[in-house]
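Me: Please examine the model shown here and answer my questions on its pockets, its chain contact and its local geometry.

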Amino acid sequence: MIAIIDYGINNLESVRNALNKLVVQTVVTNKREMIQKADALILPGVGAAAMGMKNLKERKLDKIIINDVRKGKPILGICLGMQLLMSKSDEGDINCLGLIKGNVKKLSSEMKIPQIGWNQVCLTDSESALFTNIPDNSDFYFVHSYYCKPYDQNIVAGITKYGQEYCSILIKNNIVGVQFHLEKSGMSGSLLLKNIINYFTQLC
Amino acid sequence: MLTKRIIPCLDMTEGKVVKGIQFVDFRDAGDPIVLAKKYDEQGADELVFLDITATVDNRDILLDVVQKTAKEVTIPFTVGGGIRKKEDMQKVLRAGADKVGVNTGGFNRPTLISECAQSFGSQCVVLSLDAKRVKNQWNVIINGGRTDTGLSAIKWAQQAVALGAGEILLTSIDTDGMKQGFNIELTKEVTNVVNVPVIASGGAGKLQDFKDIFVEGNADAALAASLFHFGECTIQQVKEYLNDNNISVRL
């Protein structure tokens, strides 16, 4: 079972709807026991980083997520959820979960911010099983003002260009982060979600 | 490269999609969920739902339609109409909307925009701005086209962005439903003064109108309703036309 973490401010329904279409068993929860029992976690995301971290902490979910993921439980962070996996965010100058070393930075001020719309993702390893049936440079739906900058470049699995090139997919063992809303990215998004769930199933 | 977006708009009242001309003379255009699904399959980049009488009827937005739509579509959608407080926005987001349009409620109480941006992020706060030419300027019109505020639409756009609006859905009442092309002049003025994406709305009547609003109006997205509802052209046709004219779209 996959636990979609409910921390008060995000687009839970769209993530659950996308998983339901794949016939995956899900629970939307903010209960610590449920999160601990789940085989894998999804940290969705719409909203501001500071509010997101505050809500996680208030519900005492931050430590559970960190512990479980460090022990090997798979987690998918989507949009803000991906950013919260990092060490620190410039949005509100806050510490995040610290599961991935690196910072969250603001997109280049020369561009319109937020970036809203469909943009291409260049895959660093298009042969990976995670990208089965997904052509390189497929379009995905982005809505964000900040992006992740991991220290370790080897975990960057997808790159998108908006003013600058930045990491739009990261994969580090049991941790996957996507900056775009794969639950809202039509066919490409559904395929990627399915591949990620398969990958998680193999890890469990 | 970020692509230009084509967005069908579903104006709704009492659970049905309707389409009017210059905000009046509405005709029935069908079931919202059936239409939403059809547009998703046709390659729409997003959808916009506007409950156009929510403010004047003083009622809450149609949350069940939002929920059902969220189950059916695989692309993002914005919902607007009758948003007066932060909790209204939260309800709509929780029902599955990705972004929420704020119009009259934000004009009457601008701090609504900053409160929502702080809680949910600027990226899901869309300023829905209806403008009409009055003498030598564009005025902000609220209450679903009924009330002229007398204030400059250009200034309000700037203020709303400063307050935290992350996108502007700019509807020209003058061109709405006329099918004589988007309002390029108005769109250009707004895109010149704000640094957030602008969705141009009102007036699409033929393929070239889309090209013109992107090239001359600098719009980031173009919204249309009757053209798609009544089958005059498909989203795919619009996108192929734009692609042939070297405008980047998702095909």
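Me: What volume does the second largest pocket have?
Reply: This is a predicted model, in which local features need pLDDT of at least 70 and side-chain atom pairs count only at pLDDT 80 or more, while totals for chains, interfaces and linings use all residues. Residues are numbered from 1 along each chain as its sequence is written, chains are lettered from A and ligands numbered from 1 in the order in which they are written, and side-chain values use heavy atoms, with hydrogens and water left out. A pocket is an open set of points on a 1 Å grid over the protein atoms alone where a 1.4 Å probe fits, with protein on both sides within 12 Å along at least five of seven lines. With points joined across faces, edges and corners, and volume taken as the space filled by probe spheres set on the points, the second largest pocket has a volume of about 350 Å³.

Me: Which residues lie nearest the centre of the second largest pocket?
Reply: Lining residues have an atom within 4 Å of a point, and the lining of this pocket has 11 nonpolar, 12 polar and 2 charged residues. Here Ala, Val, Leu, Ile, Met, Phe, Trp, Tyr, Cys and Pro count as nonpolar, Asp, Glu, Lys and Arg as charged, and the others, Gly among them, as polar. Of the 25 lining residues, those nearest the centre are A:Ile113, A:Ser145, A:Tyr146, B:Ser122 and B:Gln123.

Me: Which peptide bond is cis, with omega near 0 degrees?
Reply: A:Pro114 is placed in the loop between β7 (100-106) and β8 of chain A; strands (E, at least two residues) and helices (H or I, at least four) are DSSP runs numbered from the N terminus. The cis bond runs from A:Ile113 to A:Pro114.

Me: What area is buried between chain A and chain B?
Reply: Contact, meaning heavy atoms within 4.5 Å, takes 33 residues from chain A and 36 residues from chain B. Buried area is the accessible area (1.4 Å probe) that two parts lose on being put together, summed over both. Carbon and sulfur atoms give 50% of the total, which is about 2800 Å².

Me: How many salt bridges are counted between chain A and chain B?
Reply: A salt bridge is a side-chain nitrogen of Lys or Arg within 4 Å of a carboxyl oxygen of Asp or Glu. B:Asp220 and A:Lys112 form one at 2.6 Å, N to O, and A:Asp6 and B:Arg94 meet in a salt bridge at 2.9 Å. The count between chain A and chain B is 3.
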